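Me: Could you take a close look at one part of this structure for me, the salt bridges and the parts of the chain they connect? I would enjoy a connected walk through them.

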Amino acid sequence: MCSIELMVIRVSDLERSRAWYEALGLEFQPEQHGKGPLHYACVLGGTVFELYPASEKNPVSLGVRLGFSMQRIRERLVTPRLAECVVQQPAIIEGRLRAVLVDPDGIKIEVAEKHQAGSG
């Protein structure tokens, strides 16, 4: 069996992206390894998700599409920071409420309503 332990995306404005992802409900901690760049990390289940600043050598991660499972999607998507970023309005797809947003760099983010315990 295989599982994802680490997901890193490169962003053009580290603080703007941190604030945007925190509006989704993620909680980041600042990190810096040796002389490497300051970046932000959060743990989602067993996966570490990190935001790193883009550079000439490592550009913005535009080809990536991420998916997050969360609760209260409709409530989150009406917040000012996220409302203007919705490219696919919330709809029931395959039995779950889903929506698609774009982060400040244009990276597509799919969000799906987390199943409640005992709800199928």
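This is a predicted model: local features need pLDDT of at least 70, side-chain atom pairs count only at pLDDT 80 or more; totals for chains, interfaces and linings use all residues.

Arg-16 forms a salt bridge with Asp-105, with 3.5 Å between the closest N and O atoms. This pair links distant parts of the chain, 89 residues apart: Arg-16 sits in helix 1, while Asp-105 lies in the loop between strand 7 (96-102) and strand 8. At 14% relative accessibility, Asp-105 counts as buried.

Helix 1 (residues 14-23) also holds Arg-18 and Glu-15, which are 3 residues apart and so separated by about one helical turn. Their salt bridge has its closest N and O atoms 3.0 Å apart. Glu-15 is partly exposed, at 37% relative accessibility.

Now to the strands. Glu-110 forms a salt bridge with Arg-65, the closest N and O atoms being 3.3 Å apart. Here, too, distant parts of the chain are linked: Glu-110 is in strand 8 and Arg-65 in strand 5, 45 residues apart. Glu-110 is partly exposed at 23%, and Arg-65 is partly exposed at 47%. Shared partners also join Glu-15, Arg-18 and Glu-22 into one network of salt bridges.

Strand 5 and strand 8 (residues 108-113) are themselves joined by 6 bridges and run parallel, with Ser-69 standing opposite Ala-112 in strand 8. Both strands belong to an open sheet of 4 strands in the order 5-8-7-6, with mixed pairing. Altogether, the structure has 6 salt bridges.

Notes
Residues are numbered from 1 along each chain as its sequence is written. Side-chain values use heavy atoms; hydrogens and water are left out. Two strands pair if DSSP finds at least two bridges between them. Helices (H or I, at least four residues) and strands (E, at least two) are DSSP runs, numbered from the N terminus. A salt bridge is a side-chain nitrogen of Lys or Arg within 4 Å of a carboxyl oxygen of Asp or Glu. Buried means under 20% relative accessible area, exposed over 50%, partly exposed in between (1.4 Å probe, protein chains only).
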